[in-house]
Amino acid sequence: MEPNSGLYDAQFEHDACGIGFVAHVKGRKSHQIISDALTILENLDHRGACGAEPNTGDGAGIMIQIPHEFFYDECLKAGFSLPETNNYGVGMLFMPKDIRSREECRELIYRAAEKLGLEILGFRKVDVNTTDIGNMALSVEPEIEQVFIARPYAVAPGADFERKLYIFKNYLIKLIVNTVHGGKDFYIVSLSAQTIIYKGQLTSLQVRTYFTDLTDKRMVSALGLVHSRFATNTFPSWRLAQPFRFIAHNGEINTLQGNLNWFRAGVKSFASAYFTPEELDMLLPVIDETNSDSGCLDNVIELLLHSGRSLPHVLMMLVPEAWDGNEDMDPVKKAFYEFHATLMEPWDGPAAIAFTDGKLIGATLDRNGLRPSRYAITSDDRVIMGSEAGALAIDQSTIIEKGRLTPGKMFVVDMEQGRIISDNEIKEEVCGKSPYGDWINQYQIRLEELPEPRVMFTGLSSESIFKYQQVFGYSREDVDLLLKPMAIEGKEPIGSMGTDTPLAILSKRPQHLSSYFKQLFAQVTNPPIDPIREKVVMSLASFMGSMGNLLEETPKQAHCVAIKHPILTNQELEKLRSIDTGVFQAKTLQTYFRADGKPGAMAKALDRLCRYAVDAVEDGFQVIVLTDRAIDSEHAAMPSLLAVSAVHHHLIRKGYRGAVGIVIEAGDIWEVHHFATYHHPDFTQVSDQRLKEELEKVAKETEAITGKKGMKYLRPPRGIFSERTLMLGKELGYTQVFWSLAFVDWKTDQQRGWQYSYDNIMKQAHPGCIMLLHTVSKDNADALEQSIKDLKKRGYTFKSLDDFMAKQKK
């Protein structure tokens with residue numbers, strides 16, 4: 001297409017991160033492998049991003065094998081010698097700029113190493129060339145050093161030594177960050193006897209020249225894994241550049257908050273033959289939540305790998321194929337995925353992941369296949385993989401095979417065996433290590449196969465239904481617009497996921513508790529994802545019961561109830577409530593409180609409910625059913641969202657959440673948003689860093705749409721706020737605005753005519769009014785001109801927020 005022709009403008013072109021690798025199948029090391037990998041990185045420059053300064057990048061880097069010859073010579077110059085290869089580990093460190101803080105970090109490194117029985121051989125300063133590096137990147141540039149650690153005689157080389165270094169790394173980061181002034185600037189980029197990472201807040205074109213080590217001919221490796229970063233969900237920083245310790249990730253994890261929550265829920269049940277209890281304490285909390293989504297994924301991969309699983313096994317666990325409902329899949333492989341689904345929910349989102357542990361290197365694609373990965377195999381035993389074809393110029397006559405990764409598939413080069421392993425072979429090997437199918441057949445309970453319940457509640461009369469609707473707060477609009485279409489047509493009414501009515505927290509009228517969480521959802525999917533028409537890649541299957549210990553695999557981890565849909569019928573609920581296999585039972589707890597008007601009545605009831613939930617877990621129940629059926633003239637129902645949240649978080653604090661499933665039976669859940677809030681946290685409970693990331697994303701989207709940089713005004717993030725979030729917004733330079741005129745105008749399929757919009761505007765208008773109208777509304781478009789004319793007749797004038805703020809400052 002010709003530049004800027006028609007409606008096309010080159011400035012609207014956007015690309016995601018770029019990943020790639022070069023590897024020698026036989027494991028032959030050379031400097032050319034590193035040089036070729038850097039060439040791929042430079043050719044993926046358009047997939048990275050830069051700031052306002054073109055020479056300040058979002059991040060780029062390369063992972064290679066330990067170059068023993070180079071390090072041996074350089075360490076002799078630094079005054080110490082290295083043992084044979086594989087008998088020492090190398091840590092790439094980002095250190096504070098402050099000399100005193102840096103010295104304190106070194107002292108703690110020596111002390112921590114002594115505590116863990118490790119010997120520090122010495123430190124080496126990494127030479128860098130800052131020519132042409134942007135001022136923004138240089139202003140936060142760390143001091144970069146390498147630390148060399150000897151393998152203890154009692155620790156075997158290979159996996160055992162890597163595990164020891166992993167424990168040391170996590171313990172050291174926690175120790176320094178919590179004790180050293182400026183310790184937050186300390187970061188361990190990599191610490192391994194197999195691989196080392198050179199990365200930073202650089203552009204793809206700067207990595208080769210910034211790290212002078214990389215151009216030294218003595219630097220040799222059989223692999224080079226590269227990443228060029230486009231920071232879509234975090235601010236750029238030196239530490240968030242990739243590759244991480246095991247992966248380079250192109251994509252995003254849309255389920256991140258849920259993945260983190262469920263990981264936390266199971267932490268206290270962790271136990272492993274590979275770690276002592278003291279070592280597990282050193283590892284916790286495992287996930288550094290100041291990381292990007294890719295960094296969090298890498299943290300989990302590290303833990304699972306060092307707990308005894310292979311790297312392909314871990315990736316299959318975290319980024320599974322679409323297995324549910326796939327009748328053509330090998331039953332052995334399907335059993336593997338079904339078993340692991342009870343332990344870990346998928347880290348979902350469009351993803352192409354290149355991975356390596358220094359001995360094998362490979363790539364995998366998510367089940368939707370929304371990120372490209374192309375590879376070529378040459379006659380001289382090289383494998384080249386990249387986000388796109390042509391990232392490295394190759395003599396076409398040397399190519400013996402080329403192709404692309406397809407959805408859910410994996411590609412592995414095993415340099416120890418000296419061969420390429422196909423998706424079928426690697427998965428056949430991983431899935432065949434344990435009899436997952438036998439475990440599922442022996443222990444898994446399928447809800448549809450349970451016997452009919454012993455007791456069923458009788459149906460309600462029309463009069464009783466009406467009374468319950470009044471008790472739980474149903475409105476005529478809820479019945480007519482939400483429930484009737486589902487009952488008559490079997491279709492969900494389509495409308496906006498959010499709401500721009502005034503904030504629930506500012507309302508003087510009673511609100512459904514979920515209304516305080518109206519903006520907790522990504523609003524980029526319209527129409528909604530359809531689990532029926534997209535069942536090839538989407539599953540609603542879930543598992544009820546104990547999650548078990550994530551770090552080990554045992555047959556009884558399959559002992560749970562498999563549920564095809566998260567919303568149960570009355571009959572299915574009673575089946576679950578009545579379940580009793582001898583070791584798998586359900587406990588019903590009532591979610592009512594005494595409605596006597598006395599202060600603290602609900603708080604006391606919540607305390608009681610949480611105590612009973614702990615008792616149920618300690619008594620060995622696998623499922624807790626929370627129900628509000630027991631309400632009467634003296635007892636009212638707690639908001640079910642409040643009840644399930646209180647129990648959920650109380651069990652997490654007690655370390656019991658992973659041991660039990662929770663089911664809620666409630667009368668105050670009738671629309672999609674009500675169901676959805678049972679799976680999302682209060683945004684005021686997340687970190688300052690996460691809030692900053694969200695604001696950065698909105699700013700980028702605003703600039704892309706309007707062409708204007710910078711945002712001045714902000715409504716409280718995600719529709720809810722706290723004193724902390726208000727203060728953070730202020731610190732970031734935002735003026736936070738609450739509107740005072742709004743109404744339900746966003747439902748494009750439920751427009752009511754211009755008079756509806758006009759009447760609402762005229763009725764609500766008042767001096768100083770801040771008006772919020774949706775441009776998607778045809779009602780608003782038709783009514784706006786007349787509304788403005790008539791409001792001007794009343795004496796109103798219209799000003800921008802800039803005018804309002806200027807007046808306030810006078």
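**Close-up views of a predicted model**

**View 1. Strands S4 and S5, with the sheet around them.** Strand S5 (residues 143-150) is joined to S4 by six bridges, and the two run antiparallel; helices (H or I, at least four residues) and strands (E, at least two) are DSSP runs, numbered from the N terminus, and two strands count as paired if DSSP finds at least two bridges between them. Within this pairing, Gln146 in S5 is the residue that stands opposite Arg124. Helix H5 (residues 159-179) packs on the sheet, where it touches S3, S4, S5 and S6, and its direction makes about 170° with that of S6; contact here means heavy atoms within 4.5 Å, while axes are lines fitted to C-alpha atoms, for helices over the stretch in contact, and angles run from 0 to 180 degrees between N-to-C directions. The sheet itself is an open one of four strands in the order S4-S5-S3-S6, with antiparallel pairing. Strand S4 (119-125) and strand S6 (187-192) are its edge strands, each of which pairs on one side only, and the twist from one strand to the next averages 20°.

The model shown is predicted, so that local features need pLDDT of at least 70 and side-chain atom pairs count only at pLDDT 80 or more, whereas totals for chains, interfaces and linings use all residues. Residues are numbered from 1 along each chain as its sequence is written, and side-chain values use heavy atoms, with hydrogens and water left out.

View 2. Strand S9 (residues 247-251) runs antiparallel to S10 and is joined to it by five bridges, with Ile247 standing opposite Phe355. Strand S11 (residues 360-365) also pairs with S10 in the antiparallel sense, over five bridges, and there the bridge partner of Phe355 is Gly362.

**View 3. Strand S7 and its pairing with S2.** Six of the six residues of strand S7 (residues 195-200) are buried, so S7 is largely enclosed by the rest of the structure. Strand S2 (residues 60-65) pairs with S7 in the antiparallel sense over six bridges, and the partner of Gly61 in S7 is Lys199.

Terms used
Buried means under 20% relative accessible area, exposed over 50%, partly exposed in between (1.4 Å probe, protein chains only).
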